[in-house]
Amino acid sequence: MRGTELLANAVASSMEEHVRFGGVIPEIAARAHLEEFLPTLQQALDTAGVTLDDLDAIAVTSGPGLAGALMVGVAGAKALALAAGKPLYGLNHLVAHVGVGVLDEVRTAVPPAASGARPAGVVLSPEPTGLPESLGALLVSGGHTEILQVNRLTTDVTLLGSTIDDAAGEAYDKVARLLGAGYPGGPVIDRLAQQGDPKAFRFPRGLSAPKFVGSAEEPGKHRHNWSFSGLKTAVARCVEQFEAAGVPEEQIPTADIAASFQEAVADVITAKAVRACTEHGITHLLLGGGVAANSRLRSLLAERCADAGIGLTVPPVRLCTDNGAMVAALGAQLVADGVAPSSLDFAADPGQPVESISLVA
């Protein structure tokens, strides 16, 4: 990163190593981080045309996430910072997803529009970050599903709601496995759903009952929270009923099940996210996380944001999934904002809260 200009974004993925397990194996992920650390670093430096001496600071994800992978990254970044004599910032992974919003290529992109809807414009704030005013962030991935209120990127971020069990992406992986559709579940279910009827089955929308939601005046405990474990179970029971009835595997309506499941996920995520925005004065929303690539989530969110008068930013897919650019972007903003770097005493924190944007010890 140079200011808000992205010079390089080298990414190494261990996805293929997890395919046969149908999900991420933490030990394999940690080993892959270790093996790819130096080659990926060198690739980024070469692409950017810089050396370690040219850097002003180094940033690394300190949490939340898988403990083993975090420990490898933090240990490597500490060694690099010590050897190069550079300040180090241990950053929050979730807030870093919001950081891509400051990148030049994201800020100048045309906002997405729902079918037949005029896209909402981006109103830049007077802050140096150039992020839209009254910003919120909806993060949907294999490990996280949260709605954040971003008052100031580097110092003031609040969690408004999150999943209380499975993340949305995790539910996609589990449902794909139930349907025998493959891994990773997100793109597989999305493709399968294109061939199905989203109204074929009425699957539950978790935590949507009045006792959980309450009202704006008297909000329920889970007004802005999600739950996907019940949805996953409902899909499992649906498949089991076809099997119990003796329906051959090839005749089970997997496309209809996939489409109905995807509709339930997109419906409850977007409905709760837009409601959280309207009730907390959020006028612009940024979508991030690997599930941001989902076609139905993107189209329904664009439609509902447009109806509610909420601006929407959806970065390119390569900047929605986990990547180094988002960490560098947030790190650059912390440096520009004069936030003190972390000491070398901090540890990886798998449960790091969003309010802890950068670690000081």
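A salt bridge here is a side-chain nitrogen of Lys or Arg within 4 Å of a carboxyl oxygen of Asp or Glu. In this predicted model, D166 and K174 make such a pair, with their closest N and O atoms 3.4 Å apart. Both ends are tucked away: D166 is buried, and so is K174.

K174 also pairs up with E170, and here the closest N and O atoms are 3.2 Å apart. These two residues sit four apart in helix α6 (residues 168-178), so about one helical turn separates them. E170 counts as partly exposed because its relative accessibility is 28%, whereas K174 is buried.

A further salt bridge brings together the side chains of R296 and E263, at 2.8 Å from N to O. R296 has a relative accessible area of 25%, so it is partly exposed. For E263 the figure is 17%, which falls under the 20% cut-off, and E263 therefore counts as buried.

In total, the structure holds 10 salt bridges.

As for confidence, the chain has a mean pLDDT of 93, and 94% of its residues come in at 70 or more. The stretch covering residues 113-128 has pLDDT below 50, and in the model it makes 30 contacts beyond near neighbours in sequence.

Note on methods. Residues numbered from 1 in each chain as written. Predicted model: local features only at pLDDT ≥ 70, side-chain atom pairs only at ≥ 80, totals over all residues. Heavy atoms only, no water. pLDDT = per-residue confidence, 0-100. Contact = heavy atoms within 4.5 Å. Buried < 20%, exposed > 50% of the residue type's maximum accessible area, 1.4 Å probe, protein only.
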